[in-house]
Amino acid sequence: MTDSQRLDRDAALDRVEQFIETVDDEPMPVPVREIWVYGDVALGLDPIERLDIYLKKDIRLRGDSEAAEAYYEQHAVKGVGQSVSAEWAESYPEYVRANDSGHAAPEKCLAAHLLGESEPIHLEVCNASFDENVTQRLRGALARESYEQILDPRGVCLWVDGQWDHDLLDKLRGGELPFPTLSGALEQMGVDSETAEEAADRVSRYRTEHTGATVRGDII
């Protein structure tokens, strides 16, 4: 990654605040409940290779089938009014994104609304809280030895249902939050030291393979 693709720490944290303000102020395709940052930005590094942000969001259980049918007839995208808000899609048609089967994909819609395509930001979107998803992902990655799929557990929750944690933001800006190395954090979660070292190396290499804005969606 070139220097131009890295983020100055202050600029990265300014971007985090802008990101939260957007969620706070604008309609979203699905309700967002929590916003976390994790990895490099939580560690006080400067510059930051990639900015990692985690969203906990709701799954829409009540859908409007008539709105979904009408939207599909006009735009050939399924599920608008069901998996994502029809009102949001009407207001922000440029951010509607579908998965390979043609259904509106909440995580892709969120990424389109919240990220610029060339920004070195990775967005994780899940219906579960960060800690729960960290545990689930670690269990699956260890079972399959797909260590690159581990979710870095060193995270900080900055926003919950409209409430900011300004104290934590200040501590992030001051680099005051003590975190272990990734391998150390994995060992604290019960991973043996040799596996933790290998997993941390795999996660690091996996991250450097990606450029621009990326997104992953999970359902637990």
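What percentage of the 220 residues in the protein do buried residues make up? Buried residues account for 47% of the 220, where buried means under 20% relative accessible area, exposed means over 50%, and partly exposed lies in between (1.4 Å probe, protein chains only). This is a predicted model, in which local features need pLDDT of at least 70 and side-chain atom pairs count only at pLDDT 80 or more, while totals for chains, interfaces and linings use all residues. Residues are numbered from 1 along each chain as its sequence is written, and side-chain values use heavy atoms, with hydrogens and water left out.

The overall form comes next. The protein has nine helices and six strands; helices (H or I, at least four residues) and strands (E, at least two) are DSSP runs, numbered from the N terminus. Along the principal axes, the C-alpha atoms fill a box of roughly 55 × 40 × 35 Å. Of the contacts between residues at least 6 apart in sequence, 68% join residues at least 24 apart, a contact meaning heavy atoms within 4.5 Å.

Helix 1 covers residues 9–25, 17 residues in total, and reaches 24 Å from its first C-alpha to its last, close to the 24 Å expected at 1.5 Å a residue. The expected span is 1.5 Å times one less than the number of residues in the helix. At the start of helix 1, a side-chain oxygen of D8 comes to within 3.1 Å of the backbone nitrogen of D10. The buried residues of helix 1 are R9, A12, L13, R15, V16, F19, I20, T22 and V23. An α-helix has 3.6 residues a turn, so residues three or four places apart point the same way.

The structure holds 15 salt bridges. In one of them, the side chains of R173 and E17 meet at 2.9 Å, N to O. R173 belongs to helix 7 (residues 166–173) and E17 to helix 1, so the pair ties together parts 156 residues apart in sequence. R173 is partly exposed, at 29% relative accessible area, and E17 is partly exposed as well, at 23%.

Another salt bridge joins R33 and D161, whose closest N and O atoms are 3.4 Å apart. Here too the pair links distant parts of the chain: R33 is in strand 1 (residues 32–38), and D161, 128 residues apart from it, is in the loop between strand 4 (155–160) and strand 5 (163–164). R33 is partly exposed, with 33% relative accessibility, and D161 is partly exposed, with 48%.

Which residues lie at the ends of a buried pair? R137 and E124 form a salt bridge of 3.1 Å, N to O. R137 sits in helix 6 (residues 130–144) and E124 in strand 3 (residues 121–126), so the bridge ties together parts 13 residues apart in sequence. R137 is buried at 9% relative accessible area, and E124 is buried at 3%. Salt bridges that share partners join E124, R137, R216 and D218 into one network.

Two further residues complete the tour. H103 is located in the loop between helix 4 (86–91) and helix 5 (106–114) and is partly exposed, at 33% relative accessibility. Its side chain makes a polar contact of 3.5 Å with that of S101; a polar contact is a pair of N or O atoms within 3.5 Å, where within protein one must be able to donate a hydrogen and the other to accept it, and residues adjacent in sequence count only if both atoms are side-chain atoms. Leaving aside neighbours within four places in sequence, H103 is in contact with V77, K78, R97 and A98.

I219 lies in the segment after strand 6 (214–218) and is exposed, at 67% relative accessibility. I219 and K57 are 162 residues apart in sequence, and their C-alpha atoms are 10.0 Å apart in space. Beyond its neighbours within four places in sequence, I219 is in contact with I59 and N127.

Terms used:
A salt bridge is a side-chain nitrogen of Lys or Arg within 4 Å of a carboxyl oxygen of Asp or Glu.
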